[in-house]
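Please walk through this structure one part at a time, keeping the sequence and the model side by side. The paragraphs below take up a ligand site, a chain interface, a sheet and a helix in turn.

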Amino acid sequence: MNGARFADFAVHSRFLIVVSGIPSPVSLVMNSRSLPAKIALSAAVVALLLGVQAMLGRYFNEYVQQIVLYAGINIILAVSLNLINGITGQFSLGHAGFMAAGAYSAAAFTFYVGPQITARFQNEAAGSNVVFIVALLLSAAAAGIAGLLVGLPSLRLRGDYLAIVTLGFGQIIIVLITNIREVGGAAGMTGLPLMTNFVWVAALMVLCVLSVRNLAISHLGRSMKAVREDEVAAEAVGVDTTRAKVLAFVISSMWAGVAGALQAHYIQSAHPGSFTFIRSIEVVIMVVLGGLGSITGAVVTAVLLTGLTEVLRSITGAFAVGLSLVLFAAVLTLPRYRSAMRQSAMGWLLWLRWPLLSGVALVAGFVFGRDWLEARVAALRFVIYALILIVLMLLRPQGLLGRGELSWSSLRRSRSATTPEAEGASERSEPVDEGVRGTL
Amino acid sequence: MNVLEFKEATIRFGGLTAVAPLSFAVPRGQLAAIIGPNGAGKTTVFNLITGVYAPTGGEIWFEGERIASAGKSLAPHKLAHKGLARTFQNIRLFGDLSVEDNVRCAFAGRAGYGLASALLRDGKQARQEAWIAEETAELLKLFGLAERAHIQARNLPYGDQRQLEIVRALATKPKLLLLDEPTSGMNPTETETVTRLIRSVRDQFDISVLLIEHHMSLVMGICERVVVLDGGVLLADDVPQAVQNNPHVVAAYLGEPDPELDEAIEHGHAIA
Ligand SMILES: Nc1ncnc2c1ncn2[C@@H]1O[C@H](COP(=O)(O)OP(=O)(O)O)[C@@H](O)[C@H]1O
Ligand SMILES: [Mg+2]
């Protein structure tokens with residue numbers, strides 16, 4: 001490339017970088033520095049959300065709205081658990097327990113105290129919003145305190161012990177709520193007011209993602225990652241490892257509590273059965289599938305798995321998911337057999353033997369065992385979850401996004417990295433992993 | 001004045017006395033070495049200084065302050081904040097983090113903003129992070145690692161990993177730098193580079209350095225003081241030339257029998 005063409009190329013790529021940097025509203029809020037700008041942009045986001053809610057209500061049925069809300073709640077759960085399990089490298093199996101702590105404390109408040117407060121307001125909507133805000137704060141506080149109580153003694157322990165302690169905590173919470181008659185006992189609490197809507201879920205989801213990501217890029221988040229990498233070395237460079245772990249644990253629990261409160265005030269009930277070990281596992285799967293440590297990954301898999309749950313309600317859906325899983329696995333394993341395929345036709349057979357076998361099994365199951373499966377479609381869901389987990393862990397153990405993040409800046413960086421000569425190949429020589437680079 | 005002082009500090013692991021009551025001091029600004037055969041207790045001395053272990057007896061003083069006594073020690077991160085930094089015999093970098101982030105982690109004690117600023121990403125956070133980034137870039141440049149700032153630490157060549165560990169330790173702004181076998185696993189050229197580096201670090205950063213070393217040439221070439229340990233007891237504590245001619249040290253290094261030393265190890269006291 002001669003000098004003039006090189007300069008031209010450089011200008012051109014700069015232009016591309018600038019264009020790709022036209023930011024989304026959320027990243028504007030994220031990146032703006034001044035407080036008034038932050039407030040103005042937050043207001044704009046809320047206005048946008050109100051608009052979306054109106055649209056949702058008008059053009060989509062209740063079922064779609066419900067899925068959207070569940071996805072939002074799952075995002076809060078997955079992103080917050082990612083703070084413990086991904087960023088800090090601990091292993092908590094108690095997220096549903098903290099969710100329960102938040103759900104029940106908020107529910108008790110709106111049920112017993114809420115009506116008195118609402119009665120004092122002229123405007124009923126304003127009154128119920130105030131009640132809900134207090135309930136949400138209460139859920140965060142209750143779950144946060146629970147997190148502190150569980151975390152302080154147990155976070156001195158190593159990973160596997162923490163998993164056992166948090167598992168036990170989850171069970172204790174279930175036993176507690178099933179045995180307190182005031183919150184409904186085993187039958188759960190019903191007749192809660194409907195408070196949760198799209199705006200609440202979306203706004204809190206954005207807040208949750210923002211808080212976790214801001215934490216992750218701060219020195220506190222770096223300390224958490226240092227804990228994940230090597231606790232002894234972290235202490236040696238001045239990281240208070242216990243404090244980093246407890247902080248991650250408490251903030252994560254607070255968000256789990258908020259998610260619990262949102263859920264309870266959407267389905268208008270709180271039941272011990274919603275907060276079992278299975279729920280914790282579901283969230284862990286989201287975090288692991290998305291890539292431990294990747295916030296974007298947690299968001300993506302939370303949405304995907306919420307959708308999956310709905311698809312898996314029908315046997316046809318389960319069949320479709322099964323087939324796509326087989327195809328996905330086939331595509332992922334293709335590179336391993338490429339050289340064998342070039343040599344002989346046997347290579348093709350070698351590559352396709354597992355996909356073919358499982359495809360045939362799927363079709364056979366669908367054709368011959370349809371009725372039998374139909375009656376057990378709920379249980380089938382967990383079989384499919386497990387299969388997804390196995391396939392992904394075998395073929396892409398680092399999760400969908402690994403530890404990378406998808407963001408405007410990472411896109412910009414990947415673009416500049418594809419034209420290193422234009423950038424002078426000096427400071428921007430970082431390796432780029434499929435356009436998704438670890439900013440965490 | 002002494003930056004570090006051991007006063008009869010000792011540690012036993014069950015029946016094994018890893019370090020017998022040990023007394024020695026490192027004056028401020030000195031470049032001193034601890035030498036001795038494998039299992040002599042050198043790394044254990046570092047672990048005592050940095051609060052990884054608490055001594056079972058005696059005291060350890062740092063900058064005129066008692067940091068450890070029988071059964072008690074300040075937490076390692078608090079000691080790091082007070083100005084103690086170390087590297088490890090088996091490199092312990094944050095493997096998945098970038099070179100740059102490895103160094104930035106070492107600003108944990110001096111980051112200068114709290115949780116609220118972190119969550120809000122306010123002006124204070126921006127200022128402090130900019131400062132941290134600047135300091136980090138400067139350190140990396142000084143050690144020739146600037147071009148590799150964005151590489152994952154685990155992908156660095158071995159020699160660079162050892163250097164990065166030193167950079168990370170320096171980023172805590174230490175008063176005393178502890179280096180545990182900084183040249184282990186290196187070829188003669190790399191050893192030569194690191195030797196020069198250590199000396200320039202001491203001069204440029206105006207700190208005291210205590211290092212554990214096997215390469216006698218390095219120790220004799222740049223150190224001003226040599227402490228010799230064997231079997232957890234102090235064999236010698238002197239200038240390099242004197243240590244080199246010390247009959248006990250010579251015997252220990254040649255593996256010759258030394259009844260006086262055996263007696264000292266058995267009763268757990270120093271020879272010197
Ligand atoms: N945590 C521990 N528990 C039991 N024994 C230990 C521990 N740490 C060190 N030791 C023992 O103390 C002695 C000195 O070890 P160390 O300080 O690592 O020697 P070196 O001089 O080679 O660095 C060895 O016998 C070692 O086995
Ligand atoms: Mg050692």
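The shell around ligand 1 is made up of 4 nonpolar, 6 polar and 1 charged residues, where Ala, Val, Leu, Ile, Met, Phe, Trp, Tyr, Cys and Pro count as nonpolar, Asp, Glu, Lys and Arg as charged, and the others, Gly among them, as polar. Among the residues around ligand 1 are B:Phe13, B:Leu16, B:Asn38, B:Lys42 and B:Thr43, a residue being near a molecule if its C-beta atom, placed from the backbone, lies within 6 Å of it. At least two residues of this shell come from each of β2 (16-27) and α1 (42-49) of chain B, and α1(B) gives the most, with 3 residues. Helices (H or I, at least four residues) and strands (E, at least two) are DSSP runs, numbered from the N terminus.

This is a predicted model, in which local features need pLDDT of at least 70 and side-chain atom pairs count only at pLDDT 80 or more, while totals for chains, interfaces and linings use all residues. Residues are numbered from 1 along each chain as its sequence is written, and chains are lettered from A and ligands numbered from 1 in the order in which they are written.

Where the two chains meet, 30 residues of chain B are in contact with 24 residues of chain A, contact meaning that the C-beta atoms of two residues, placed from the backbone, lie within 7 Å. On the side of chain B that touches chain A, the elements giving two or more residues are α2 (76-82), α3 (99-105), α4 (115-120) and α5 (123-142) of chain B, and the largest share, 4 residues, comes from α2(B). That side divides into 13 nonpolar, 9 polar and 8 charged residues.

Chain B also holds an open sheet of 5 strands in the order β2-β1-β4-β5-β6, with antiparallel pairing; two strands pair if DSSP finds at least two bridges between them. Its edge strands are β2 and β6 (72-73) of chain B, each of which pairs on one side only. Strand β1 (residues 2-13) of chain B is joined to strand β4 (residues 57-62) of chain B by 5 bridges, and B:Leu4 stands opposite B:Phe62 in β4(B).

The last stop is helix α6 (residues 158-170) of chain B, whose 13 residues should span 18 Å at 1.5 Å a residue, which agrees with the 19 Å between its end C-alpha atoms; the expected span is 1.5 Å times one less than the number of residues.
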